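Subject: Structure handover

Hello,

Here is the structure I said I would pass on. Please look through it before reading the notes below.

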Amino acid sequence: MPGCNWLLAQDSPLILAPWGILSGFQEPPAQFLVPHSPNPADPAPAMAPGAPSSSPSSILAALLFSSLVLSLAQAIVVYTDREVHGAVGSRVTLHCSFWSSEWVSDDISFTWRYQPEGGRDAISIFHFAKGQPYIDEVGTFKERIQWVGDPRWKDGSIVIHNLDYSDNGTFTCDVKNPPDIVGKTSKVTLYVFEKVPTRYGVVLGAVVGGVLGAVLLLLLLFYLVRYCWLRRQAALRRRLSAMEKGKLHKSGKDSKRGRQARHTLPHLHPLAFWESRA
């Protein structure tokens with residue numbers, strides 16, 4: 001049975017001991033391995049001093065305490081880009097957001113640290129606390145950092161202006177949202193170039209997008225031409241059908257008039273009729 005240890009004595013039934021739940025499935029001490037008496041009238045064996053209680057209330061209390069500790073230990077999660085590129089003299093935005101199981105606290109804080117490329121030590125370059133940004137005014141990024149985040153939207157982003165080759169390195173974003181203060185930081189690597197290189201993924205995406213756009217345009221033109229052609233054919237069919245109906249109607253009238261004339265002429269002009277026949 002998961003979560004419990006079974007103790008088996010010779011010629012005796014199994015009894016369930018709670019040490020598995022309280023001690024992570026470890027074997028109980030030797031003084032607790034006592035056989036269960038098959039006779040219900042026999043008194044229960046005495047427990048050694050310090051033996052854990054097996055009452056259901058103690059087990060329930062332990063489970064409730066462990067669930068409470070786990071719920072309080074949910075770590076804050078910080079998100080940043082993996083890497084960003086910038087050109088010399090331009091600016092770049094270092095995005096930082098987070099997830100927390102708590103509401104955004106008034107004591108929320110954001111801290112940005114910078115580790116130069118090839119360096120070992122990280123220095124603090126920006127700190128936000130009590131609703132106020134605190135920017136490093138003496139270091140490498142003096143008068144070049146701008147706060148653009150908004151704690152209400154769980155945003156701790158900053159902008160670095162006037163990039164230089166010496167700015168290459170790793171930037172770390174750390175967020176504390178009391179009482180949720182346990183969690184890992186997130187890092188983003190900055191690469192500064194003379195001219196920002198075009199990424200392979202961007203080029204591939206542009207090519208695929210162009211091809212798909214051309215295909216959609218051709219399909220649209222095909223259906224438009226086909227629609228116009230079908231519409232014209234339908235109009236021609238209606239016109240031909242109307243012309244055929246008109247011809248049949250006219251021929252029917254002419255034949256009817258001819259039959260009437262042949263029947264009326266002998267009565268109106270009998271001599272002319274017989275003369276013409278003679």
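What follows is a short account of what was found.

Please keep in mind that this is a predicted model.

Overall make-up

The chain has 278 residues, of which 23% are buried. It contains 4 helices and 13 strands. Among contacts with a separation of 6 or more, 53% are between residues 24 or more positions apart. The accessible surface of the chain is about 20400 Å², and carbon and sulfur atoms account for 62% of that surface.

The nonpolar core

The largest nonpolar core has 26 residues. The members that touch the most other members are L94, W112, I125, F126, F171 and V175. At least two residues of this core come from each of strand 5 (92-94), strand 6 (96-99), strand 7 (109-116), strand 8 (123-129), strand 10 (145-147), strand 11 (158-160), strand 12 (169-176) and strand 13 (186-193). As general background, nonpolar side chains in soluble globular proteins tend to be buried together.

The disulfide

A search of the whole structure gives 1 disulfide. It joins C96 to C173, with an S to S distance of 1.9 Å. Because C96 is in strand 6 and C173 in strand 12, the pair ties together parts of the chain that are 77 residues apart in sequence. The link between C96 and C173 is left-handed, with -75° about the S-S bond. Both C96 and C173 are buried. Another cysteine, C228, has a relative accessibility of 45%, so C228 counts as partly exposed.

Salt bridges

The structure holds 5 salt bridges. As background, side chains of opposite charge can pair when their charged atoms come close.

One of the salt bridges is between R113 and D174, whose closest N and O atoms are 3.8 Å apart. This pair links distant parts of the chain, with R113 in strand 7 and D174 in strand 12, 61 residues apart. R113 counts as partly exposed because its relative accessibility is 31%. D174 has a relative accessibility of 11% and therefore counts as buried.

R144 and D167 form another salt bridge, with 2.8 Å between the closest N and O atoms. R144 lies in the loop between strand 9 and strand 10, and D167 in the loop between strand 11 and strand 12, so this pair ties together parts that are 23 residues apart in sequence. R144 and D167 are both buried.

D150 also forms a salt bridge with R152, the closest N and O atoms being 3.2 Å apart. R152 has a relative accessible area of 68%, so R152 is exposed. Salt bridges with shared partners join R113, D174 and K176 into one network.

A surface patch and a loop residue

Which residues form a nonpolar patch on the surface? They are V207, V211, V215, L216, L219, F222 and Y223, and together they have about 700 Å² of accessible area. F222 belongs to helix 3, which covers residues 200-268.

V138 sits in the loop between strand 9 (132-135) and strand 10. Its relative accessibility is 75%, so V138 counts as exposed. V138 and I125 are 13 residues apart along the chain, and their C-alpha atoms are separated by 9.5 Å.

Regards

Definitions and conventions
Residues numbered from 1 in each chain as written. Predicted model: local features only at pLDDT ≥ 70, side-chain atom pairs only at ≥ 80, totals over all residues. Heavy atoms only, no water. Core = buried A, V, L, I, M, F, W, Y, C linked by side-chain atoms within 4.5 Å. Buried < 20%, exposed > 50% of the residue type's maximum accessible area, 1.4 Å probe, protein only. Patch = residues over 30% accessible without salt bridge, like charges linked within 9 Å, V, L, I, M, F, W, Y side chains within 5 Å. Areas by Shrake-Rupley, 256 points an atom, 1.4 Å probe, with all protein chains shown as cover. Salt bridge = Lys/Arg side-chain N within 4 Å of Asp/Glu carboxyl O. Contact = heavy atoms within 4.5 Å. Disulfide = S-S within 2.5 Å.
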